[in-house]
4 protein chains.
Amino acid sequence: MSGNSTGNLFCVSAFGESHGPAIGGVIDGCPSEIMVDYDLIKRQLSARHNDPLAINKRREPDEVEFLSGIMDGKTTGTPVAFLIRNKDIETRDYPQEDSLLLKPSHGHFSYWKKYGVFDYRGGGRASARETACRVVAGCFAEMYLRQFNITTEAFTVQTGKIKSELPFDDCNSEQANENPLHCPDNAAAERMLSLLEETNRANDTVGCIVGCVIRNLPAGLGEPVFDKLSAELAKAMLSINAAKGFEYGSGFASAGKKGSELNDLFLSDFRTKTNFSGGIQAGISNGNPVYFSVAFKPLPSIGQDQPSINTNGNPGLLKAGNRHDICAVPRVLPVVEAMAAITIVDHLLRNNAYRTK
Amino acid sequence: MSGNSTGNLFCVSAFGESHGPAIGGVIDGCPSEIMVDYDLIKRQLSARHNDPLAINKRREPDEVEFLSGIMDGKTTGTPVAFLIRNKDIETRDYPQEDSLLLKPSHGHFSYWKKYGVFDYRGGGRASARETACRVVAGCFAEMYLRQFNITTEAFTVQTGKIKSELPFDDCNSEQANENPLHCPDNAAAERMLSLLEETNRANDTVGCIVGCVIRNLPAGLGEPVFDKLSAELAKAMLSINAAKGFEYGSGFASAGKKGSELNDLFLSDFRTKTNFSGGIQAGISNGNPVYFSVAFKPLPSIGQDQPSINTNGNPGLLKAGNRHDICAVPRVLPVVEAMAAITIVDHLLRNNAYRTK
Amino acid sequence: MSGNSTGNLFCVSAFGESHGPAIGGVIDGCPSEIMVDYDLIKRQLSARHNDPLAINKRREPDEVEFLSGIMDGKTTGTPVAFLIRNKDIETRDYPQEDSLLLKPSHGHFSYWKKYGVFDYRGGGRASARETACRVVAGCFAEMYLRQFNITTEAFTVQTGKIKSELPFDDCNSEQANENPLHCPDNAAAERMLSLLEETNRANDTVGCIVGCVIRNLPAGLGEPVFDKLSAELAKAMLSINAAKGFEYGSGFASAGKKGSELNDLFLSDFRTKTNFSGGIQAGISNGNPVYFSVAFKPLPSIGQDQPSINTNGNPGLLKAGNRHDICAVPRVLPVVEAMAAITIVDHLLRNNAYRTK
Amino acid sequence: MSGNSTGNLFCVSAFGESHGPAIGGVIDGCPSEIMVDYDLIKRQLSARHNDPLAINKRREPDEVEFLSGIMDGKTTGTPVAFLIRNKDIETRDYPQEDSLLLKPSHGHFSYWKKYGVFDYRGGGRASARETACRVVAGCFAEMYLRQFNITTEAFTVQTGKIKSELPFDDCNSEQANENPLHCPDNAAAERMLSLLEETNRANDTVGCIVGCVIRNLPAGLGEPVFDKLSAELAKAMLSINAAKGFEYGSGFASAGKKGSELNDLFLSDFRTKTNFSGGIQAGISNGNPVYFSVAFKPLPSIGQDQPSINTNGNPGLLKAGNRHDICAVPRVLPVVEAMAAITIVDHLLRNNAYRTK
């Protein structure tokens with residue numbers, strides 16, 4: 001209820017501040033007897049550290065310590081708790097005397113109004129650092145989905161104004177693996193990387209759009225009315241730092257279309273000829289691939305001085321910090337995959353509950 | 001958990017099928033001593049019946065019966081239950097022999113796979129008829145918000161390819177009231193109405209985008225990480241029938257922007273010069289107006305025959321029904337307002353809980 | 001969250017005041033394709049009207065109207081909503097001038113402090129009338145449990161100081177059916193009935209204890225730590241009006257026993273020789289019968305004048321009302337069965353969720 | 001939903017096995033700006049280690065490490081996560097060849113049936129070790145309650161057949177502090193201690209009853225119908241290991257009483273002359289002290305060999321372990337206090353939510 005938990009049956013509770021002792025999480029409702037794939041966790045955390053411009057050279061990989069819920073390499077059905085120590089804290093990035101200077105388009109002000117206090121040491125709970133915990137929890141969801149061959153894969157589809165125009169059907173893992181942005185269109189990826197370099201030189205940041213495809217999802221997942229699968233995916237995606245928009249299937253472009261254009265006619269095997277529905281009909285999966293896009297704003301920590309105000313209302317100058325990402329991609333890709341997997345597992349379990357025959 | 005409830009503290013549970021005896025809902029957690037404004041309920045339900053082309057002449061207004069939770073014209077703090085009888089049922093719109101023919105881009109197939117059964121009498125639980133209950137519940141939320149002067153107002157901002165280009169700041173109720181689409185741009189509204197007429201003549205439907213502004217929201221609403229206000233609004237909006245996308249603040253356009261362009265610098269009163277954040281920072285309201293957009297696909301019930309398949313996989317021809325809406329707007333406007341109000345009240349109550357000083 | 005809903009997956013939301021238009025409920029999460037047994041509902045509601053002393057002659061049976069979630073006599077998986085009109089309201093039992101006189105050991109005072117208002121027309125939401133809705137919802141739970149042959153049966157085991165000394169194993173339906181208190185010990189039942197008559201003549205009421213046995217429950221139901229099956233049953237039972245205590249298995253008598261006496265040793269088929277555990281071990285069912293007891297206080301509406309105070313703190317005399325029950329039994333028996341069934345179904349569904357193999 | 005979380009607004013998620021790396025918890029919804037009283041935590045954890053017979057000499061105190069949610073000695077409003085390392089693990093208490101022998105009246109069998117696996121290393125998640133996390137979380141609840149002067153105090157009121165006959169009103173902290181069982185009746189305490197010694201010599205264990213008083217609770221806490229304060233306390237108490245029964249106010253003895261005896265008449269200040277209601281009327285606190293009792297069975301780990309069966313159904317002899325407690329008291333006292341405090345804070349926050357005036 002206080003925002004740090006997600007999921008009803010596969011329930012992830014996360015904790016931790018960027019500049020506190022540790023971040024971590026508890027998965028309550030992880031089914032038992034899942035073989036833990038530690039390599040997957042390492043791989044996804046490392047993807048979250050992916051730094052194609054090699055800007056953050058000192059960054060050490062996150063190390064996860066598991067505290068419970070695993071025995072003999074398998075889950076036991078009891079809560080899986082884990083933590084990641086914050087080793088690489090530079091609490092001096094922003095000098096003490098500026099500690100109460102409000103960073104534009106950051107969470108400091110809104111946290112301060114909500115709680116009466118904010119974490120002047122760093123981004124606190126609003127820091128994107130917390131997404132590492134989503135990635136770890138997401139790996140457990142992905143391990144569970146494997147037995148059903150269900151996959152969640154995220155791609156970079158836009159960076160700045162540069163777009164991959166490939167339709168979702170043609171988003172191909174192998175091709176995307178050829179470039180560090182995991183963009184299905186290698187030519188676009190090259191131009192995106194140039195844009196990132198240029199943006200870095202300008203001490204600026206840039207926005208992006210991530211696409212995600214969920215394959216092999218059975219029909220029947222999602223709940224009617226308020227907990228539609230599309231609504232739950234929207235919430236999951238908008239909960240990621242810097243997310244500004246979500247669309248699935250024909251998305252915003254639907255507004256300009258006619259019903260006769262967008263209706264998905266059935267094939268004789270109950271699949272549909274087209275998939276403008278994005279695999280979800282009336283909020284419930286229909287057996288076709290689910291696909292959606294998430295828009296992320298340019299990260300607000302830019303390498304430029306910015307005028308701001310202090311918590312007492314007086315003006316001040318926020319000096320540029322010395323360490324930042326240029327764009328949410330590619331680091332956000334495993335986070336999108338994790339949130340998709342967590343959402344899907346929760347709905348698989350919800351659906352299981354009622355299938356008693 | 002089964003999708004027919006929303007909200008944690010202001011909790012709305014809804015029920016009912018389009019062709020069953022009644023639809024209705026229960027609001028558990030409606031604060032006590034709110035004066036019930038029956039006129040508001042009538043007005044919003046009537047807005048949900050708004051039919052600018054006068055296509056559905058026989059449609060009678062919905063009448064709400066209240067069963068509990070109100071005494072002497074005020075809420076008592078106990079559950080407010082209400083029902084609306086389905087008076088105007090034509091179970092013969094689709095003849096019995098076609099009853100198991102699957103309607104393209106409708107919920108029949110996915111409900112069938114989920115529950116083993118679907119409501120062949122009509123749209124069942126997936127019918128947009130259920131949104132009347134959202135509107136009634138939303139009115140109670142709006143009555144509560146009044147004491148804080150908080151308003152939720154939805155506008156038509158796009159129909160087909162015709163857009164109102166007015167920024168959210170200039171979306172003006174009085175102007176919007178001059179046209180039946182509640183579009184803030186009267187010139188655009190005129191062209192939209194022509195498009196609707198033309199689409200009607202073509203026995204087709206068309207998509208749209210609805211914008212919504214929440215005014216006078218205090219800072220501090222929304223919960224960190226998973227229950228960000230933006231995430232909760234996204235879920236609420238994507239839960240509405242035919243919704244395909246959600247964006248807030250700078251939205252999808254953020255992808256093409258730089259951080260130096262989008263950062264909202266503070267004014268000395270803690271408001272911000274610009275409002276690309278859409279009134280929400282790190283998932284928590286920051287005291288600026290909240291605004292967002294929702295895209296709706298063209299309604300899938302078109303006035304044209306469509307090839308389809310039967311539940312046994314055999315082909316069949318779905319004959320055009322004789323009664324449908326051309327576009328989600330203007331009928332969906334009070335539904336968007338209702339879902340916004342319900343979401344905001346829930347977060348106001350959640351925030352109240354922790355403010356004990 | 002506001003107390004009028006119970007269950008996580010089989011979720012019952014109830015509403016209604018004793019002197020309002022109607023009471024009712026919504027079951028969200030009722031599995032689909034359950035054949036609705038309307039006779040069972042009638043029988044259980046009639047058991048809730050059971051009046052062995054024939055005191056309330058005018059009392060009409062409750063009639064349930066179903067509003068949704070049922071088609072062709074079977075559940076559809078969507079919410080089952082129902083209502084019972086309050087036909088037999090005598091708002092004049094307590095004259096208007098006494099309306100704000102506080103009834104001792106009733107909910108008026110605590111509701112007033114909570115909500116700023118209380119229902120002076122009758123018992124409001126705190127009236128035992130609401131238990132009719134529990135019974136209706138419980139019948140749907142019982143219909144579901146039938147396919148697993150699981151039964152919940154409640155017995156009168158104590159009335160005043162008169163006890164049935166039969167152990168739970170010997171509680172026998174046929175024997176209990178021979179007396180109107182559904183007491184497994186017919187000799188005790190006879191004395192109990194005399195006590196009820198005597199208490200009635202004295203214009204008083206008397207307390208009681210109800211025992212309940214759940215048979216054929218598989219092992220593995222209940223969740224560890226906070227949602228133990230025993231804890232959930234305790235909550236369900238203490239939620240019934242006038243309940244004052246709960247114990248299961250060896251119960252309060254355990255305090256006076258040694259570990260070597262109470263440990264349940266295993267038989268070779270994994271059942272246990274004794275069942276002091278009451279079928280629940282570490283909060284999770286172990287395949288033996290579950291049994292528990294619930295204590296109910298004497299009903300506070302007595303046929304005697306009582307001194308009290310008004311809401312302004314001034315003294316007043318509360319005149320004896322003309323209509324009351326002498327004891328919670330036998331009317332509470334179907335309520336105990338309903339709450340047991342609802343709790344068990346919720347845990348069956350929760351357990352189903354994780355069993356994916 | 002999977003049993004390892006409790007509370008709606010003050011939500012505690014716990015994790016950890018007795019023989020795993022660590023146990024711990026996350027409090028999501030701890031109000032901000034509470035001064036953390038580390039001494040209280042130490043004191044309550046040490047009370048949970050209270051060992052009046054000095055049986056477990058090697059036992060080291062639990063050390064809590066806080067991972068998040070605290071800054072400058074105060075809570076920040078974000079999740080408070082903590083862990084306690086399992087330092088003192090003797091995985092060899094039960095030799096490997098016996099590892100699959102089922103312990104009578106322990107959770108191994110029911111966990112095995114639920115999850116397909118059980119923790120053969122020790123008590124796993126079913127071990128009373130997890131109650132240390134309840135105590136830590138409970139301390140944060142107690143810190144919050146202090147500002148309202150609300151206290152939760154637990155007493156030993158029965159051990160074996162030896163009872164303190166003091167009414168709850170006369171349960172006095174100072175007197176109780178004079179004996180290591182925190183029994184309000186020092187003469188009874190002396191006989192209880194003798195019984196414990198005698199039981200220890202007999203390599204046996206004994207049951208007990210704990211009483212608890214909540215003082216200075218305002219009227220209006222608790223929710224109607226299903227989430228009555230009494231029902232929530234019952235659930236909280238029955239969730240504690242080895243708990244077998246709960247009663248509040250006049251409790252089980254109510255069964256033998258008349259309504260005219262038990263009705264609590266009002267005083268002119270709205271308190272009541274008597275308090276048979278136990279401070280809760282219709283499930284909502286009425287401003288009088290809340291009191292209740294919890295029965296605990298004799299702990300099932302006895303110092304005697306016991307016949308049992310293996311997971312393959314073959315008989316085996318379970319050898320007596322070398323380390324156990326004789327009785328749930330006094331160690332369970334801080335656990336009862338913690339669960340009471342957690343329950344009360346959750347209801348205070350729930351009640352706050354709706355008080356907007």
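Guide: Lys114(A) lies over the face of Tyr115(A), at 5.9 Å from the ring centre, and in chain D the charged end of Lys114(D) likewise sits over the ring of Tyr115(D), 5.9 Å from its centre. These positions come from a predicted model, and the values that follow are computed from it.

The helix to look at next is α2, residues 108–115, in which Phe109(A) is found in chain A. A pair of aromatic rings is described by the distance of the centres and the angle of the planes. Phe109(A) pairs with Phe266(B) in an edge-to-face arrangement, with 5.6 Å from centre to centre and 65° between the planes. This pair crosses between chains, since its partner Phe266(B) belongs to the loop between α7 (259–262) and β12 (280–281) of chain B; both Phe109(A) and Phe266(B) are buried. In chain B, the rings of Phe109(B) and Trp112(B) have their centres 6.1 Å apart and their planes at 65°, so this pair too is edge-to-face. Phe109(B) and Trp112(B) both lie in helix α2 of chain B, three residues apart, which is about one turn of the helix. An α-helix has 3.6 residues a turn, so residues three or four places apart point the same way. Phe109(B) has 5% relative accessibility and therefore counts as buried, the limit being under 20%.

Elsewhere in chain A, ring pairs link Tyr38(A), Phe66(A), Phe82(A) and Phe140(A) into a cluster, and over all chains a search of the whole structure finds 50 aromatic pairs.

The loop between α7 (259–262) and β12 (280–281) also deserves attention in chain A, where it holds Phe270(A). Most residues other than glycine have a negative phi, and most peptide bonds are trans. Phe270(A), however, has a positive phi, near 75°, and at 19% relative accessibility it counts as buried. Asp72(D), in the loop between β5 (70–71) and β6 (74–75) of chain D, also has a positive phi, of about 55°, but at 57% relative accessibility Asp72(D) counts as exposed.

As for the peptide bonds, a cis bond with omega about 0° joins Val329(A) and Pro330(A), and Pro330(A) is placed in the loop between β16 (315–318) and α8 (333–354) of chain A. A cis bond also joins Val329(C) and Pro330(C), with Pro330(C) in the loop between β16 and α8 of chain C.

How values were computed:
Residues are numbered from 1 along each chain as its sequence is written. Chains are lettered from A and ligands numbered from 1 in the order in which they are written. This is a predicted model: local features need pLDDT of at least 70, side-chain atom pairs count only at pLDDT 80 or more; totals for chains, interfaces and linings use all residues. Side-chain values use heavy atoms; hydrogens and water are left out. Helices (H or I, at least four residues) and strands (E, at least two) are DSSP runs, numbered from the N terminus. Buried means under 20% relative accessible area, exposed over 50%, partly exposed in between (1.4 Å probe, protein chains only). Rings of Phe, Tyr and Trp (its six-membered ring) pair if their centres lie within 6.5 Å; planes under 30 degrees apart count as stacked, over 60 as edge-to-face and the rest as tilted. A charge sits over a ring if NZ of Lys or CZ of Arg is within 6 Å of the ring centre and within 35 degrees of the ring normal.
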